[in-house]
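Me: Could you walk me through the charges and the surface here? I'll ask as I go.

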Amino acid sequence: LRKAVEALKHGASDYLTKPVDGEELLLLLRTLIERQTLSQEHSRLVGENVLFAEQLRVQRRGLELLAMLDTDRVIDHFLDLLAAETGAAWAALFFYREDDDAFVFGARRGIHDVRLERPETGFATAALREQLFRGRAVLEDRDGGQHPEGAAGGGHRFRLPLLARGKVRGLVVVGPRRDDAPHREHQVAVARAIAESGAIALENARSYALEAARDVL
């Protein structure tokens, strides 16, 4: 009994006395398996709740953008929010022009680096460009190599489309993380949640500015 108590103190789940009874052993194994299953289910539920709480928090922060009607203010807050929530050193915004099918630089926030003042918006392949227009992110490694969203190893930085009313209105480039760790699915998911609100907020701000201009005329 003394050894059994000592074993329990060291993390043993249970104990049997010799000679071992077969029925008792089977009952104990069933109990341990059920206990392990419950523990795994509890861990899974806790993890899902933590993830849900994080997503809800990010979405609430994104909703802050919808309360703004000044375009410059929306852009600054949007990019600051992207950088803060993904741990990135900087974030940049590019608007899409349908007439010449091009992305043009809009704004940039974060740690200044002259070499990255105008991040390139070209695509290595037509497939990657098509994926972005369908709402998927494009990951980039340190050497500028491009990979589809979900690629193993993540990305040094990534691009994400701004979608409003089912159309691409622009894209954001989320720069390297401040801790130099790669961007993975979590950072892309957080950025996507913020970008959804950001795209709508930018559309609202532009519409408001147009209406205000008409009123002046």
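Reply: Happy to. Helices (H or I, at least four residues) and strands (E, at least two) are DSSP runs, numbered from the N terminus. This is a predicted model, where local features need pLDDT of at least 70, side-chain atom pairs count only at pLDDT 80 or more, and totals for chains, interfaces and linings use all residues. Residues are numbered from 1 along each chain as its sequence is written, and side-chain values use heavy atoms, with hydrogens and water left out.

Me: Is L29 buried, partly exposed or exposed?
Reply: L29 sits in helix 2. Buried means under 20% relative accessible area, exposed over 50%, and partly exposed in between (1.4 Å probe, protein chains only). L29 has 41%, so call it partly exposed.

Me: Which residue forms a salt bridge with D80?
Reply: A salt bridge is a side-chain nitrogen of Lys or Arg within 4 Å of a carboxyl oxygen of Asp or Glu. For D80, the N to O distance is 2.8 Å, and the partner is R109. D80 is in helix 3 (residues 71-86) and the partner in strand 2 (residues 102-110), so the pair ties together parts 29 residues apart in sequence: D80 and R109.

Me: What is the distance, N to O, between R44 and E41?
Reply: Both lie in helix 2, three residues apart, about one turn of the helix. R44 is partly exposed at 39%, and E41 is too, at 34%. Their side chains meet in a salt bridge at 2.5 Å.

Me: How many salt bridges does the structure hold?
Reply: Another one joins R165 and E203, with the closest N and O atoms 2.7 Å apart. The structure's total is 17.
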